[in-house]
Amino acid sequence: ATWDITPTNYYTYRGCLIEEARTNTNTYSSDITAASINAGAVKAYNTGIARDGTLTMDRVTTNGINYYSGIYKTAGSFSIGNVVTFQCVIRPIQNCDSLQLEFGFDTPNDIAKFNFDTASLISKGANMSSADITPLPNGLFLITITGTMARTANPAWTCYAGQNGVVVIYEIGDVQVELGESASSYIPTTTAAVTRNADVLSYD
């Protein structure tokens, strides 16, 4: 690649993004067909526009009764002491002021609760070192959760209503689970985990 950049007072050039090899262990990263339903939630496919402009966001409607109504899915195999990062994109549709995302760092799962009305973290589990919500264009939010495995397991992630007595509706996509203390750029998957090779920068 080549760059022809004239420095100005309006930005700071930080160079190229060079990433190490990473594996997204979450299969069907933009398709919740393989995710299981909990407590009567309803899934619908390709209902919303993802951050890359494709119609690949999937919708979940909870049962309006239980806080644990939603979806869950296993994503890889990790050992005790592994640092793992879970990431997904959410579009809140209705009553997403206490949305509950879990990851199986321990038994029971560690829980992070987010208020999408205020783009804020309500609470996070003991094994989670960080749980962040970042607004994106077009009504999307990037959720990033990092923690340390307190057990050796095939952990699951979940996305539940987080409150009783109300119907919660959200769209979800771009789900990624990887070893590492921070998330890397998105690695799409289908039937199997996908590894992106390490970036190599060369100069002519």
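Is Y67 buried, exposed or partly exposed? Y67 has 38% relative accessibility and so counts as partly exposed.

The model is predicted: local features need pLDDT of at least 70, side-chain atom pairs count only at pLDDT 80 or more, and totals for chains, interfaces and linings use all residues. Residues are numbered from 1 along each chain as its sequence is written, and side-chain values use heavy atoms, with hydrogens and water left out.

Start with the fold. The protein chain has 0 helices and 14 strands. Helices (H or I, at least four residues) and strands (E, at least two) are DSSP runs, numbered from the N terminus. Of the 204 residues, 42% count as buried. Contact means heavy atoms within 4.5 Å. Among contacts with a separation of 6 or more, 68% join residues 24 or more positions apart.

A193 and N24 are 169 residues apart in sequence, yet their C-alpha atoms are 5.6 Å apart. Beyond its neighbours within four places in sequence, A193 contacts T23, N24, T25 and T27. A193 is partly exposed, at 44% relative accessible area.

Now move to the interior. In soluble globular proteins, nonpolar side chains tend to be buried together. A nonpolar core is a set of buried Ala, Val, Leu, Ile, Met, Phe, Trp, Tyr and Cys residues joined through side-chain atoms within 4.5 Å. The largest core here has 35 residues, and I145, Y170 and I172 touch the most other members. Two or more residues come from each of β6 (83–94), β7 (99–103), β8 (110–115), β10 (128–135), β11 (141–148), β12 (156–160) and β13. Another core of 5 residues lies apart from it, with A50, M57, L140 and L142 among them.

A cavity is a set of points on a 1 Å grid over the protein atoms alone where a 1.4 Å probe fits but cannot get out; lining residues have an atom within 4 Å of a point. The structure holds 1 cavity of 30 Å³ or more. Strand β13 (residues 169–179) gives the most to the lining, with 3 residues.

Y28 lies in the loop between β1 (22–24) and β2 (36–38). Its phi is positive, near 50°, in a residue other than glycine. D174 also has a positive phi, of about 50°. D174 is found in strand β13 and is buried, with a relative accessible area of 5%. Y28 counts as partly exposed, at 31% relative accessibility.

Aromatic rings come next. Rings of Phe, Tyr and Trp (its six-membered ring) pair if their centres lie within 6.5 Å; planes under 30 degrees apart are stacked, over 60 edge-to-face, and the rest tilted. The count is 6 aromatic pairs. Y67 and Y68 form an edge-to-face pair, 5.0 Å centre to centre with 90° between the planes. Y68 is partly exposed, at 34% relative accessibility. Elsewhere, ring pairs link F86, F103, F105 and W157 into a cluster.

Key:
On a 1 Å grid over the protein atoms alone, a cavity is a set of points where a 1.4 Å probe fits but cannot get out, and a pocket is an open set with protein on both sides within 12 Å along at least five of seven lines; lining residues have an atom within 4 Å of a point. Grid points are joined across faces, edges and corners, and a volume is the space filled by probe spheres set on the points. Buried means under 20% relative accessible area, exposed over 50%, partly exposed in between (1.4 Å probe, protein chains only).
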